[in-house]
Amino acid sequence: CVTVPVKQSFPVLPTELNKSCEPLLLLDSGNPVTLSKLMNIVAINYRSSHDCAIKLSAILEWYSEQKKIFEDNNK
C-alpha cells in the first residue's frame, strides 16, 4: 500500500470579484463648473464608491469562508 500525499491549493477568487474599482470622476479644473454638473459628478462618485464597498465586502466574506473551509480540510 502506497500513500500519496495530496496537496490542496487555496481556491481562486471568482472573476466577478477580481476587478478593480472604477476611478472616481474628476472636475475639469480648466473650466468653470455649474452646480448641476458638480452634483451629477458627486452622485456618480457616491454610487461608484458604494458599489466598490459592496464588492470589497463580498471579497472579504468569500475569503473568510474559503479560508475556514481550507483550514478545516487540512487538519
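Which residue forms a salt bridge with Lys67? In this predicted model, the partner is Glu71, and the closest N and O atoms of the pair are 3.9 Å apart. That distance qualifies because the cut-off for a salt bridge is 4 Å. The two residues sit four places apart in helix 1, so about one helical turn separates Lys67 from Glu71. An α-helix has 3.6 residues a turn, so residues three or four places apart point the same way. Both ends of the pair are partly exposed: Lys67 has 36% relative accessibility, and Glu71 has a relative accessible area of 41%.

A second pair follows. Lys68 and Asp72 meet through their side chains in a salt bridge, at 3.1 Å from N to O. They also lie in helix 1, four residues apart, about one turn of the helix. Asp72 is partly exposed, at 38% relative accessible area. With this pair the count comes to two salt bridges. Side chains of opposite charge can pair when their charged atoms come close.

Now step back to the helix itself. The chain has one helix and zero strands. Helix 1 covers residues 35-73. It has 39 residues and reaches 57 Å from its first C-alpha to its last. That is close to the 57 Å expected at 1.5 Å a residue. The buried residues of helix 1 are Ile41, Asn45, Ser48, Lys55, Trp62 and Gln66.

The overall dimensions come next. The C-alpha atoms fill a box of roughly 80 × 20 × 15 Å along the principal axes. The radius of gyration of the chain is 22 Å, whereas a compact globule of 75 residues would have one near 11 Å. Of those 75 residues, 9% count as buried.

What ties the helix to the segment before it? A disulfide joins Cys21 to Cys52, with an S to S distance of 1.6 Å. The pair links distant parts of the chain: Cys21 belongs to the segment before helix 1, Cys52 belongs to helix 1, and 31 residues separate them. The torsion about the S-S bond of Cys21 and Cys52 is about 60 degrees, so the disulfide is right-handed. A search of the whole structure finds one disulfide. Neither cysteine is buried: Cys21 is partly exposed at 36% relative accessible area, and Cys52 is partly exposed at 23%.

At 72% relative accessibility, Pro23 counts as exposed. From Pro23 to Leu35 the separation is twelve residues in sequence and 22 Å in space, C-alpha to C-alpha.

A nonpolar surface patch of about 510 Å² is made by Leu27, Val33, Leu35, Leu38, Met39 and Val42. One of these, Val42, is found in helix 1. Val42 is partly exposed, with a relative accessible area of 42%.

Key. Residues are numbered from 1 along each chain as its sequence is written. This is a predicted model: local features need pLDDT of at least 70, side-chain atom pairs count only at pLDDT 80 or more; totals for chains, interfaces and linings use all residues. Side-chain values use heavy atoms; hydrogens and water are left out. Patches are made of residues with over 30% relative accessible area and no salt bridge: like charges are joined within 9 Å, nonpolar side chains (Val, Leu, Ile, Met, Phe, Trp, Tyr) within 5 Å. Accessible areas come from the Shrake-Rupley method with a 1.4 Å probe; for residues, only the protein chains shown count as cover. Buried means under 20% relative accessible area, exposed over 50%, partly exposed in between (1.4 Å probe, protein chains only). The expected span of a helix is 1.5 Å times one less than its number of residues. A disulfide is a pair of cysteine sulfur atoms within 2.5 Å. The radius of gyration is taken over C-alpha atoms; the globule rule is 2.2 Å times the number of residues to the power 0.38.
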